[in-house]
Amino acid sequence: MRQVWECEVCGEKFSDKDKCLEHEKNCKILCDKCGKDISKINFHHIKPFLPFYGSKLDGRVVELNLCDECLCSIINKLTDTAKERIEFSEANYCN
Ligand SMILES: [Zn+2]
Ligand SMILES: [Zn+2]
C-alpha cells in the first residue's frame, strides 16, 4: 500500500512527504470575511452547496470558512425572527 501524507491544515492528500511538508508550511485557512488566519483556531466551515437553478450563483459551488466573530456578525445582521430562531435553538453558544 502506498503511504499517503495529509496536510494537517487543509486535509489535502499527497503521495510525497516532502511535497506535503512544503505545502503545509505555506498552507493557511483564512476567514472568508475578515481574512484572519484561522488555521490554528476553531472556525466554522460552511459545507459546499449548489445554489438553486436560476440563482445569480447558478453553476457555482458555495463553500465558506468563517471565524467565530464573522459568523456572529453575519447572524447579527439577520432579521429578529432569524436571530430568535438561532438564539432559542438547541445548542446555543453564539452571543
Ligand atoms: Zn493544506
Ligand atoms: Zn473573520
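Here are a few friendly notes on the structure above, point by point.

1. Ground rules. This is a predicted model, in which local features need pLDDT of at least 70 and side-chain atom pairs count only at pLDDT 80 or more, while totals for chains, interfaces and linings use all residues. Residues are numbered from 1 along each chain as its sequence is written, and chains are lettered from A and ligands numbered from 1 in the order in which they are written.

2. Elements. The protein chain has three helices and four strands, in the order β-β-α-β-β-α-α from the N terminus. Helices (H or I, at least four residues) and strands (E, at least two) are DSSP runs, numbered from the N terminus.

3. Overall form. The radius of gyration of the protein chain is 18 Å, whereas a compact globule of 95 residues would come near 12 Å; the value is taken over C-alpha atoms, and the globule rule is 2.2 Å times the number of residues to the power 0.38. The C-alpha trace spans about 50 × 35 × 25 Å along its principal axes.

4. Domains. The assignment gives domain 1 (1-29) and domain 2 (31-95), with bounds that come from an automatic or database domain assignment. Their C-alpha centres are 27 Å apart.

5. The largest nonpolar core consists of six residues, namely Cys31, Ile38, Phe43, Leu66, Cys67 and Cys70. Such a core is a set of buried Ala, Val, Leu, Ile, Met, Phe, Trp, Tyr and Cys residues joined through C-beta atoms within 7 Å. Leaving out residues up to four places away in sequence, Phe43 touches Ile29, Cys31, Ile38, Asn65, Leu66 and Cys67, where contact means C-beta atoms, placed from the backbone, within 7 Å.

6. The β3 strand. None of the six residues of β3 is buried, so β3 lies largely in the open. It pairs with β4 (residues 62-66) in the antiparallel sense over four bridges; pairing requires at least two DSSP bridges between the strands. Phe49 has Val62 of β4 as its bridge partner.

7. Lys28. This residue sits in the loop between α1 (17-26) and β3 (44-49). Lys28 counts as exposed because it has 11 C-beta neighbours inside 10 Å. Beyond its neighbours within four places in sequence, Lys28 is in contact with Val9, Asp37 and Ser39. Lys40, 12 residues away in sequence, is 8.8 Å from Lys28, C-alpha to C-alpha.

Technical notes:
Buried ≥ 20, exposed ≤ 12 C-beta atoms within 10 Å, placed from the backbone. Contact = placed C-beta atoms within 7 Å.
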